[in-house]
Structure formats: structure tokens, C-alpha cells
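I opened my notebook today to look up a few things in one structure. Here is what I wrote down as I went along.

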Amino acid sequence: MSVDAIAVKMAGLQLSNPTMLASGVHGSSLAKVLEALRVGAGGAVTKSIGPVPREGYAEPTLVEVEGGMVNAAGLPNPGAERFSEQLAQVKGRGLPIFVSIFGGDEKEFAQVVKTLDGNDFVAYELNLSCPHVSGVGTEIGHFPEEVSKVTKAVTVSTKKPVFAKLSPNTDRLIEVAQAAVDAGADGLTAINTIKAFPISVETGRPALSNGFGGLSGAAIRPVALRCVYELREKFDVPIIGCGGVATWEDAVQFFLAGASAVQLGTATVKKFEIFNDLNLGVISYMERKGVARLDDLVGRAHGGGIR
Ligand SMILES: Cc1cc2nc3c(=O)[nH]c(=O)nc-3n(C[C@H](O)[C@H](O)[C@H](O)COP(=O)(O)O)c2cc1C
């Protein structure tokens with residue numbers, strides 16, 4: 001079977017394969033995004049970029065836990081103007097870079113788009129789902145009215161496709177997704193981290209400087225799968241699955257649940273060159289199951305499954 005079998009067409013985009021680097025896990029430098037593409041990812045998402053530079057929280061910002069890690073980095077990023085200069089360096093290369101953006105309201109989102117939009121990247125991902133920074137992320141992303149305003153402000157400001165990245169920390173997942181889709185979002189990414197609170201027994205204090213953080217890694221995969229499954233039941237727009245993907249089996253579960261592509265974050269911390277192996281595993285699974293194209297797998301858990 002040729003690698004063309006796992007090429008992805010979604011929201012007017014073409015990716016050579018369905019594996020992507022998830023936003024933020026390797027910080028805000030564009031270098032890691034480019035490296036992910038070099039080592040086989042079909043797409044890569046930048047760190048979330050806001051209207052002005054942000055330093056983020058003091059250390060410790062990351063702790064390992066069973067089945068993953070909890071982070072509260074505090075969205076450190078260089079701000080849209082400086083990041084635009086970084087992006088200008090890849091102009092003309094046609095790379096499948098998704099730029100993740102955040103802001104405190106629709107005006108800030110629109111301002112970030114205005115600053116970045118002339119650069120050469122293929123799509124936006126709206127961070128409506130960071131669980132540990134006040135005034136942004138879930139403080140917008142749990143409220144359908146806010147999501148609607150922000151998404152509309154972005155979609156009217158760009159011709160590039162827009163993916164809304166959703167939070168699992170709400171019982172309004174479907175309402176929030178509906179608001180994003182109604183406001184013109186071309187696709188959905190599910191999920192961001194799950195709100196968490198690790199404690200150090202040595203100090204008797206919160207293990208993260210911010211106290212609250214976001215859980216990522218294998219532990220969150222069943223929750224992410226549930227979200228993708230629920231979203232696919234309701235929506236026809238493309239869904240990108242994210243949360244605990246580390247092996248081809250994990251990726252296939254997301255495709256069966258309804259995702260057209262998957263993002264990898266935590267797994268790339270242990271092994272960055274993971275994308276090719278995962279793609280090869282998906283291809284041999286498809287060969288074994290007689291599935292000619294990746295598209296034919298997407299959403300199969302909703303119907304008769306697979307033999
Ligand atoms: C250290 C760290 C930083 C992150 N930064 C961002 C970010 O800037 N924007 C965002 O949308 N998600 C961010 N995330 C969430 C990831 O993109 C991803 O949604 C989450 O980690 C679940 O995927 P995983 O289990 O494969 O890591 C971050 C996660 C980690 C661990």
C-alpha cells in the first residue's frame with residue numbers, strides 16, 4: 001500500500017499523513033514545529049500566540065504523574081508581532097503549519113489574526129481550552145456565546161481554515177462546538193488538557209507554582225476519545241483528535257471514533273521521531289483489514305465497526 005492511502009484532505013487542506021505535532025508542548029520556538037515536519041509529521045501546530053508577549057509562570061511548571069504529566073506553563077509566548085517575524089522566515093515554503101492563537105476577547109483574537117495572517121501557514125487553531133490561565137482559554141471556551149463571538153471575529157478576518165480547540169472540562173462540549181461551527185469554524189480539535197491539581201508530599205504544597213494545571217498523556221486518551229465520538233455524532237466538520245496518542249493503535253482508535261487526523265504532544269517528549277513509526281503502523285493495520293483509504297476508517301465505530 002502506498003503512503004498516499006493515509007493522505008488527509010480536510011477543510012480544504014491536504015496533509016501528507018494524519019499525524020501532527022500538538023500545540024505548545026515544546027515551547028514557543030518555531031524550530032520544533034519545523035523539526036516535527038522534517039521527521040514525518042503531516043502537520044504541526046505552533047505554541048498558542050497571544051496579542052502581546054507573555055512570560056508565563058515561575059517554575060515548577062511541569063510534573064510527571066502516572067500516565068502522563070500535569071503542566072501549567074501559563075502560555076508563555078513572544079506575542080503576535082515577534083512571532084510574525086519568525087513565521088516570515090518560512091515564507092514561500094508552503095509548510096503545513098497550523099498557528100494556535102488565543103486572546104482575552106474577540107477584539108484580541110482579531111488583532112492577532114491581523115498581525116499574523118499575511119504569513120505563510122495553512123490554518124488557525126483557536127485555543128478556547130487552556131485550563132490554567134485566567135481571562136483566556138476555558139474562561140472563554142466554556143461559554144457558547146463567547147465562543148461564537150471569538151470564532152466569528154476570526155473567521156471574518158481570514159481566508160485560512162479555522163479549527164476550534166475544545167476543552168473537556170465542561171459538560172457543554174456540544175453546545176460550545178455548535179457555537180464554533182455556527183460561527184464559521186471549519187473544523188474542531190479535541191481535546192486540550194484536563195484540569196488537575198498535583199500535590200508534593202515532600203513540601204506538603206501544590207507541586208506546580210500555579211497550583212492548577214492540565215493533565216496530558218495516556219491517562220486522558222479515553223476522555224479524548226469520548227469527546228471525539230460525541231462530536232462526530234453531531235457534526236460533519238473535520239475533527240482532529242488529541243490526547244494521549246502514542247502508538248498506531250491509539251491513532252486508529254481516534255480515526256474509528258471520527259477523527260480525520262491526530263495530534264501528538266506528551267508522547268513526543270519521550271520520543272520526538274515518532275510520526276513515521278505511527279504512520280507505518282496505521283498503513284499495515286489498513287492492509288490487514290483491507291481498508292484502501294484512511295477516510296474509509298473515519299467514524300467506523302459509529303456504525304458496524306470493522307472486521
Ligand atoms: C507543556 C504543555 C504546553 C502546552 N501548551 C499548549 C498551548 O500553548 N496551546 C494549546 O492549545 N495546547 C497546549 N497544550 C495542550 C496540548 O496541545 C494537547 O492538547 C494536550 O497535551 C493533550 O495531548 P497529549 O496527551 O498528546 O499531550 C500544552 C500541553 C503541554 C503538556
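Predicted model: local features only at pLDDT ≥ 70, side-chain atom pairs only at ≥ 80, totals over all residues.

The peptide bond between Ala190 and Ile191 is cis, and I read an omega of about 20 degrees.

Next I went to Pro60, whose place is in the loop between β4 (43-45) and β5 (62-65). Is the peptide bond from Glu59 to Pro60 cis or trans? I found that it is cis, with omega near -5 degrees.

Then I checked Ala11, which has its place in the loop between β1 (8-10) and β2 (13-15). Ala11 is not a glycine, yet its phi is positive, at about 50 degrees. I noted these spots because most residues other than glycine have a negative phi, and most peptide bonds are trans.

**Around the ligand**

I then looked up some atom pairs. For Thr266, an N or O atom of the side chain is 2.6 Å from an oxygen atom of the ligand. For Gly217, the atom is a backbone N or O, and it lies 2.8 Å from an oxygen atom of the ligand. I also looked at Asn192, where a polar side-chain atom lies 3.4 Å from an oxygen atom of the ligand.

**Helix pairs**

A reminder to myself: two packed helices are described by the angle between their axes and the distance between the axes. I used both for each pair below.

*α2 and α3.* Helix α2 (residues 80-88) packs against helix α3 (residues 106-116) at an angle of about 30 degrees, and their axes are 9 Å apart. Therefore α2 is roughly parallel to α3, as angles under 35 degrees count that way. I noted a right-handed crossing for α2 and α3. From α2, the residues Ala80, Glu81, Phe83, Ser84 and Leu87 meet Val112, Thr115 and Leu116 of α3. Sorted by class, the residues of this contact are 5 nonpolar, 2 polar and 1 charged.

*α3 and α5.* I stayed with α3 and looked at its packing with helix α5 (residues 144-155): the angle is about 25 degrees and the axes are 8 Å apart. So α3 is roughly parallel to α5. The crossing of α3 and α5 is right-handed. Here Glu106, Phe109, Ala110 and Val113 in α3 touch Lys149, Val150, Ala153 and Val154 in α5. How many residues of each class are in the contact of α3 with α5? I wrote down 6 nonpolar, no polar and 2 charged.

*α7 and α8.* My last pair was helix α7 (residues 221-234) and helix α8 (residues 248-257), whose axes come within 8 Å and cross at roughly 25 degrees. That makes this pair, α7 and α8, roughly parallel too. On the α7 side I listed Arg221, Ala224, Leu225, Val228, Tyr229 and Arg232, which meet Asp250, Gln253, Phe254 and Ala257 in α8. The classes in the contact of α7 with α8 are 6 nonpolar, 1 polar and 3 charged.

Methods
Residues numbered from 1 in each chain as written. Heavy atoms only, no water. Axes fitted to C-alpha atoms, helices over the stretch in contact; angles between N-to-C directions. Helix = DSSP H or I, 4+ residues; strand = E, 2+ residues; numbered from the N terminus. Parallel < 35°, antiparallel > 145°, perpendicular 65-115°, else oblique. Left-handed = near helix turned anticlockwise from the far one by under 90°. Contact = heavy atoms within 4.5 Å. Nonpolar A, V, L, I, M, F, W, Y, C, P; charged D, E, K, R; others polar. Polar contact = N/O pair within 3.5 Å; in protein donor to acceptor, adjacent residues only side chain to side chain.
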